[in-house]
Amino acid sequence: MGIFSPGFTGRRREHVPDLPPGQYLERGFPVLTTGPTPHIDRRDWQLTLTTETGERRSWNWQQMLDLGPEEISTDIHCVTAWSKLGTTWRGVPLDRFLDGVETHAQYVMAGCYGGYTTNIPLQESLGRAWVAFEYDGRDLEPEHGGPARLLVPHLYFWKSAKWVNSLRLMREDSPGFWEQNGYSMHGDPWREERYW
Amino acid sequence: MTAPWVPATLVDARMETPWSRTLVLDAPEARPSLAGQSIDVRLTAEDGYTAQRSYSLASPAGTRPIEITVDKIADGEVSPYLVDQLGVGHMIEVRGPGGRFFTWTPDLPDPVLLVAGGSGVVPLMAMIRTREAAGGTAPMQLLYSVRTPEGLFYRDELDELAARGRIDVRYVFTRTVPAGWPHQAGRITRELLADFAMLPEHDPLVYVCGPTGFVEAAATHLVRLGHNPLRIKTERFGPTG
Ligand SMILES: Cc1cc2nc3c(=O)[nH]c(=O)nc-3n(C[C@H](O)[C@H](O)[C@H](O)COP(=O)(O)OP(=O)(O)OC[C@H]3O[C@@H](n4cnc5c(N)ncnc54)[C@H](O)[C@@H]3O)c2cc1C
């Protein structure tokens, strides 16, 4: 601090108590992806869970819906410094995919159509993570991760993997795509666990 | 861990178009860059209010001072200040550079296809300049889409490199074309990409950068033409196309 920009006043003067440090309020919905958007039909969609012992379960679209989706209203925070407050989603809680699964895993590696991966801490995400397929009352657009993405809003948004199609339970933490590229293993926006 | 904010002094500036400006910044504490990386810029008002945005570096990898080129978004908070107000000799704060994914290094032998929409040309120019600085020989193509001829950044430099056969450049104008231009105004189409761009068989590394809508369209066309999605790297600058 201590460097002022003479003549700069800034436009967004509203007081926003819900913004984590370094974030600004965004009204649009920016897209951050490293590659082309995969276009996946719901009819072809599948999600596979693998436990640390190699046990597998899969859900197609209807089977995923049968797990019981819920409405979610949450703030989201992208590591590129924008936040959106009060977004609404519909999705199936992560817990439902784990019902009856025998596991001692502490972490989950989410994998996606297109090859993206990201690691998520399991315990702290139970009740706070979903497989989401509607945004703002509509089917999730492909560029925002449709047909379905992970939604882990208590962490920076790169953890909310778009086009999710696999969940691999792990005993030990292991870096996903951005994490191998220098981003935080955890990614808590309130502690500014960003990338460098 | 987040890199610290460090001071940067505007040492020189030039207009690239009537509404965009290249800022030459001396930031001795900033880390050396890779081609394709961006920095965060932070402005602070007198009452302590701050705003920050990301800007790609246009200057070749590792060089100082660093350069960014900012396009003025008319109702924007930060870009009008950087284009119209920040005076030579004044300071801002920068952080980074960061982002290790959308980068290119001159030791890569693969042919390179660069696809730019508007100010998305900035990090691609850093790649072109890095290749020049290194005397690189990887084949390189640039497809560069802008609204009008006046909107082109770095035109003289690009034309000169093209004239010497260093890169293959094709401009696409979406609103108005120069007099005598052999093509009509219009967006990048799959046919145009098929006609100009290297074939998927040559397995180029592809970098697509620009407004979100542009990147979505161009990257989807490239995948449908048979380019390997894992070889296509994208950077999306903003919400509008
Ligand atoms: C990694 C990265 C690199 C970037 N590199 C560059 C660069 O090299 N040069 C450059 O000029 N910009 C670049 N940008 C965009 C830049 O960060 C800002 O978003 C842009 O300058 C607008 O900021 P603003 O404060 O003026 O507008 P804001 O106050 O943030 O927005 C004002 C209005 O303009 C819209 N808007 C915001 N950004 C854009 C955009 N890019 N195109 C069209 N409309 C927009 C907003 O939705 C809003 O309605 C980059 C962005 C990213 C994420």
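In the predicted model, 44 residues of chain B are in contact with 32 residues of chain A, contact meaning heavy atoms within 4.5 Å. About 3,500 Å² is buried between chain B and chain A, with carbon and sulfur atoms giving 53% of that area; buried area is the accessible area (1.4 Å probe) that two parts lose on being put together, summed over both. Five residue pairs, both members at pLDDT 80 or more, are in polar contact between chain B and chain A. A polar contact is a pair of N or O atoms within 3.5 Å; within protein, one must be able to donate a hydrogen and the other to accept it, and residues adjacent in sequence count only if both atoms are side-chain atoms.

On the side of chain B that touches chain A, at least two residues each are supplied by β3 (38–44), β4 (50–56), α1 (79–85), β6 (91–98), α5 (212–224) and β11 (232–236) of chain B. Helices (H or I, at least four residues) and strands (E, at least two) are DSSP runs, numbered from the N terminus. Strand β6(B) gives the largest share of this side, seven residues. By class, the side of chain B that touches chain A comprises 17 nonpolar, twelve polar and 15 charged residues. Ala, Val, Leu, Ile, Met, Phe, Trp, Tyr, Cys and Pro count as nonpolar, Asp, Glu, Lys and Arg as charged, and the others, Gly among them, as polar.

Residues are numbered from 1 along each chain as its sequence is written, and chains are lettered from A and ligands numbered from 1 in the order in which they are written. Local features need pLDDT of at least 70, side-chain atom pairs count only at pLDDT 80 or more, and totals for chains, interfaces and linings use all residues, while side-chain values use heavy atoms, with hydrogens and water left out.

Chain B has five helices and eleven strands. Its radius of gyration is 18 Å, close to the 18 Å that the globule rule gives for 241 residues, so chain B is as compact as a globular protein of that length. The radius of gyration is taken over C-alpha atoms, and the globule rule is 2.2 Å times the number of residues to the power 0.38. Along the principal axes, the C-alpha atoms of chain B fill a box of roughly 55 × 40 × 30 Å.

The domain assignment divides chain B into domain 1 (6–98) and domain 2 (112–237), the bounds coming from an automatic or database domain assignment. The C-alpha centres of domain 1 and domain 2 of chain B are 24 Å apart. Between these domains of chain B, 17 residues of domain 1 are in contact with 16 residues of domain 2. The area buried between domain 1 and domain 2 of chain B is about 1,200 Å², and carbon and sulfur atoms give 62% of it. Zero salt bridges and four residue pairs in polar contact (both at pLDDT 80 or more) are counted between domain 1 and domain 2 of chain B. On the side of domain 1 of chain B that touches domain 2 of chain B, β1 (6–17), β2 (20–26) and β5 (66–71) of chain B each supply at least two residues. The largest share of that side, three residues, comes from β5(B). The residues of the side of domain 1 of chain B that touches domain 2 of chain B are divided into seven nonpolar, seven polar and three charged.

Over all chains, the structure holds 24 salt bridges. One of the salt bridges is formed by R231(B) and D110(B), with the closest N and O atoms 2.8 Å apart. This pair links distant parts of the chain, 121 residues apart: R231(B) is in the loop between α5 and β11 of chain B, and D110(B) is in the loop between β6 and β7 (112–117) of chain B.

Chain A has three helices and eleven strands, in the sequence pattern β-β-β-α-β-β-α-β-β-β-β-β-β-α. The C-alpha atoms of chain A fill a box of roughly 60 × 35 × 30 Å along the principal axes.

Most residues other than glycine have a negative phi, and most peptide bonds are trans. G146(A) and P147(A) are joined by a cis peptide bond with omega about 10°, and P147(A) is in the loop between β9 (138–139) and β10 (149–151) of chain A. The peptide bond from G96(B) to P97(B) is also cis, with omega near 0°, and P97(B) lies in strand β6 of chain B. E192(A), a residue other than glycine, has a positive phi near 50° and is in the segment after α3 (177–180) of chain A.

Notes. A salt bridge is a side-chain nitrogen of Lys or Arg within 4 Å of a carboxyl oxygen of Asp or Glu.
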